[in-house]
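Here is a short report on side-chain contacts and surface features. Keep the coordinates open while reading.

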Amino acid sequence: VCQKDQVAADASDCYLTFHKLTLHLQGDKEPGWLKQLFTDFISFTLKLVLKSEVCKEINFLAQMLANFVHDLAANFVKVGDISLDISLASDPVIKANYLESYHKGLVLYKNYSDVLSDSVFSPTLLTENRMLYFWLSEHILHSLASAAFLDERLVLTIGGEKLQALFEVEDTEDQQKAVQMIFQGISYNNSVAKVWSLAHPQISVQPEGTVVKSSVAADVSIFPAGGEPQMVLYIEKEITVTIQAAYAEKKLILRPLDSRIEFKVFKCTADASGNDPSIRNFLQRMISLVGIPEVVSKIEHALTSLMNSKGLHLFELKNPEIITRKGYVIVQLDFNFPNHLLLDFFDKKL
């Protein structure tokens with residue numbers, strides 16, 4: 001049932017059937033009719049009391065479990081000032097073999113509150129061979145990305161060996177020349193690259209995957225010995241990348257596909273005129289082959305850590321599938337509920 005904007009368990013129609021309940025007075029296996037009437041009355045009263053107490057406990061535990069699941073889900077995407085309102089959008093519906101509930105999915109961030117969008121979901125889109133299904137609209141994913149941008153989470157700093165791996169993706173003469181021009185002979189350990197999103201990422205969901213379009217800036221600074229830090233490279237670019245998601249071995253797996261890069265601003269101290277195409281061509285290849293996978297890998301690790309901090313790794317998920325369609329994502333899976341998590345919860349409540 002719907003209670004205080006969340007799913008609540010109602011076991012009020014609980015019934016208890018006794019196949020056999022016979023009472024005997026001590027030492028009297030064949031009582032007379034008066035004694036028999038007395039024991040029958042006691043048996044009837046005992047059945048009513050047991051039914052009332054057992055059903056009361058079932059109702060109590062069912063409601064406690066419903067609250068536990070709701071609180072766990074509500075806290076699942078909460079990080080810092082970003083949260084998700086998953087209160088019910090309409091009354092849950094109980095079908096012949098499944099329970100269906102619609103939740104608002106409103107992203108909340110400080111004074112920002114999302115708006116409720118129309119749903120294109122239909123239960124006919126689901127199969128009936130899994131225990132649990134989640135349907136997520138692209139609107140929710142887009143709103144979460146916007147909140148992450150407003151919270152300044154879409155920033156990445158790279159230095160040292162990671163920076164070296166980025167810029168030495170190709171062992172060619174052109175690559176060596178471009179790196180030498182950019183870093184001016186300064187060691188990678190005395191250099192740092194920063195990448196950040198300039199605007200809210202645009203997210204759409206298609207059958208081939210989740211499409212992310214974002215305006216991104218990046219700069220490279222060097223720190224000469226005894227000198228002032230210098231920014232030797234600054235670029236702004238529009239990147240569109242399709243990402244396929246999967247979950248295996250308790251880790252989120254993000255695989256970037258079909259990336260497209262368009263430079264908007266290009267400033268390099270080694271090429272002040274901007275007429276030398278070698279650096280730009282090198283950066284184009286470097287971003288496509290290593291840069292985008294590196295950023296996606298960081299996001300993959302951050303999201304996995306976030307989900308595990310909410311206890312997802314405690315569940316045994318069986319054959320989870322993340323299926324993208326136009327405008328929405330379906331997550332379907334079987335799972336085993338962790339007994340120790342429930343026992344710990346009930347111990348605290350009881």
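The report covers salt bridges, aromatic contacts, backbone angles and a surface patch. The model is predicted.

## Salt bridges

How many salt bridges does the structure hold? The count is eight.

| Lys 162 | Glu 294 | 3.8 Å |

Take the bridge between Lys 162 and Glu 294, with its closest N and O atoms 3.8 Å apart. Lys 162 belongs to helix α3 (residues 160–167) and Glu 294 to helix α5 (residues 277–309), so this bridge ties together parts 132 residues apart in sequence. The two ends differ in cover. Lys 162 is partly exposed, at 45% relative accessible area. Glu 294 has a relative accessible area of 15%, and a value under 20% means buried.

Lys 213 is partly exposed, with 39% relative accessibility. Glu 238 also counts as partly exposed, with 23%.

Glu 316 sits in strand β15, whereas Lys 250 sits in the loop between β13 and β14, so the pair joins parts 66 residues apart in sequence. Glu 316 is partly exposed, at 42% relative accessible area. Lys 250 is partly exposed as well, at 33%.

## Positive phi angles

Most residues other than glycine have a negative phi. Which residue in the loop between β13 and β14 (251–268) is of interest here? That residue is Lys 250. Its phi is positive, near 60 degrees, although Lys 250 is not a glycine.

Asn 319 is another non-glycine residue with a positive phi, about 50 degrees. Asn 319 lies in strand β15 (residues 316–325). Is Asn 319 buried or exposed? Asn 319 is exposed, with a relative accessible area of 58%.

## Aromatic pairs

A pair of aromatic rings is described by the distance of the centres and the angle of the planes. The model has six aromatic pairs. One of them joins Trp 135 and Tyr 328: the ring centres are 6.0 Å apart and the planes meet at 35 degrees, so the pair is tilted. Trp 135 is in strand β8 (residues 132–137) and Tyr 328 in strand β16 (residues 328–336), so the contact ties together parts 193 residues apart in sequence. Trp 135 is partly exposed, at 22% relative accessible area. Tyr 328 is buried, at 8%.

Trp 196 and Tyr 234 form another pair. Their ring centres are 6.4 Å apart and their planes are at 45 degrees, so this pair is tilted. The pair links distant parts of the chain, with Trp 196 in strand β10 (residues 191–197) and Tyr 234 in strand β13 (residues 230–248), 38 residues apart. Tyr 234 is buried, with a relative accessible area of 15%.

Ring pairs also build a cluster. The members are Phe 167, Phe 183, Tyr 188 and Phe 282.

## A charge over two rings

Which rings does Arg 280 sit over? One is the ring of Phe 263, with the charged end of Arg 280 placed 5.9 Å from its centre. Another is the ring of Phe 266, where Arg 280 lies over the face at 4.6 Å from the ring centre.

Where is Leu 16 placed? Leu 16 is in the loop between β2 (6–7) and α1 (33–76). Leu 16 is partly exposed, at 33% relative accessible area.

How values were computed. Residues are numbered from 1 along each chain as its sequence is written. This is a predicted model: local features need pLDDT of at least 70, side-chain atom pairs count only at pLDDT 80 or more; totals for chains, interfaces and linings use all residues. Side-chain values use heavy atoms; hydrogens and water are left out. Helices (H or I, at least four residues) and strands (E, at least two) are DSSP runs, numbered from the N terminus. Buried means under 20% relative accessible area, exposed over 50%, partly exposed in between (1.4 Å probe, protein chains only). Rings of Phe, Tyr and Trp (its six-membered ring) pair if their centres lie within 6.5 Å; planes under 30 degrees apart count as stacked, over 60 as edge-to-face and the rest as tilted. A charge sits over a ring if NZ of Lys or CZ of Arg is within 6 Å of the ring centre and within 35 degrees of the ring normal. A salt bridge is a side-chain nitrogen of Lys or Arg within 4 Å of a carboxyl oxygen of Asp or Glu.
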